[in-house]
Amino acid sequence: EDAAAAKQGKKTKKPKEKKPSSPPPSDPGPDVMSIFIGLLFYIVFGTLNTVFIKAPLRIVSTTFYVLASLMLLSVAWLYMADDHGYHLMGASAVTSGLYNQPGIY
């Protein structure tokens, strides 16, 4: 009957679809108490990790780097301050010993 009506150009009424009055029930969201407990443990263990693991490691590593740098600077200073015996041959950058040689007062 619809095919015959379509051939003749007549419009047929389609039944209207019923809209649901309310959305279907969805899955409930996560429990707020479990989220609260999870965040509480995250904060507590994060703080303990920072205080007892990360901070001491940073203190030790920073101390090691500072001491290593000071040792390298002192070795470089000793190497550059060494005149390789030129002072005994008379070449000296020390001006106080140039005018008062040992034995002359």
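**A quick tour of the chain**

Guide: From the N terminus on, the elements run α-α-α. This is a predicted model, where local features need pLDDT of at least 70, side-chain atom pairs count only at pLDDT 80 or more, and totals for chains, interfaces and linings use all residues. Residues are numbered from 1 along each chain as its sequence is written, and side-chain values use heavy atoms, with hydrogens and water left out.

Visitor: How many helices and strands are in the chain?

Guide: Three helices and zero strands. Both kinds are DSSP runs numbered from the N terminus: helices are H or I with at least four residues, strands are E with at least two.

Visitor: Which element has the highest mean pLDDT, and which the lowest?

Guide: H2 has the highest, 95. Helix H3, residues 96-99, has the lowest, 57. pLDDT is the predictor's confidence in each residue, from 0 to 100. The mean for the chain is 78, and 58% of its residues reach 70 or more. Where pLDDT is low, the predicted coordinates should not be read in detail.

Visitor: OK, H2 then. How far does H2 reach?

Guide: Helix H2 covers residues 32-81, which is 50 residues. From first C-alpha to last it reaches 70 Å, close to the expected 74 Å. The expected span is 1.5 Å times one less than the number of residues.

Visitor: Where is the kink in H2 centred?

Guide: On Thr50, with a kink of about 40°. The bend is the angle between axes fitted to the seven residues ending there and the seven starting there.

Visitor: What is Thr50 in contact with?

Guide: Ala55 and Pro56, leaving aside neighbours within four places in sequence. Contact means heavy atoms within 4.5 Å. Thr50 is partly exposed, at 40% relative accessible area. Buried means under 20%, exposed over 50%, partly exposed in between (1.4 Å probe, protein chains only).

Visitor: How much of the chain is buried?

Guide: Of its 105 residues, 1% count as buried.

Visitor: New topic. How many aromatic pairs are there?

Guide: Two in the whole structure. In one, the rings of Phe41 and Phe45 have centres 5.9 Å apart and planes at 10°, so the pair is stacked. Rings of Phe, Tyr and Trp (its six-membered ring) pair if their centres lie within 6.5 Å; planes under 30 degrees apart count as stacked, over 60 as edge-to-face and the rest as tilted.

Visitor: Where do Phe41 and Phe45 lie?

Guide: Both are in helix H2, four residues apart, about one turn.
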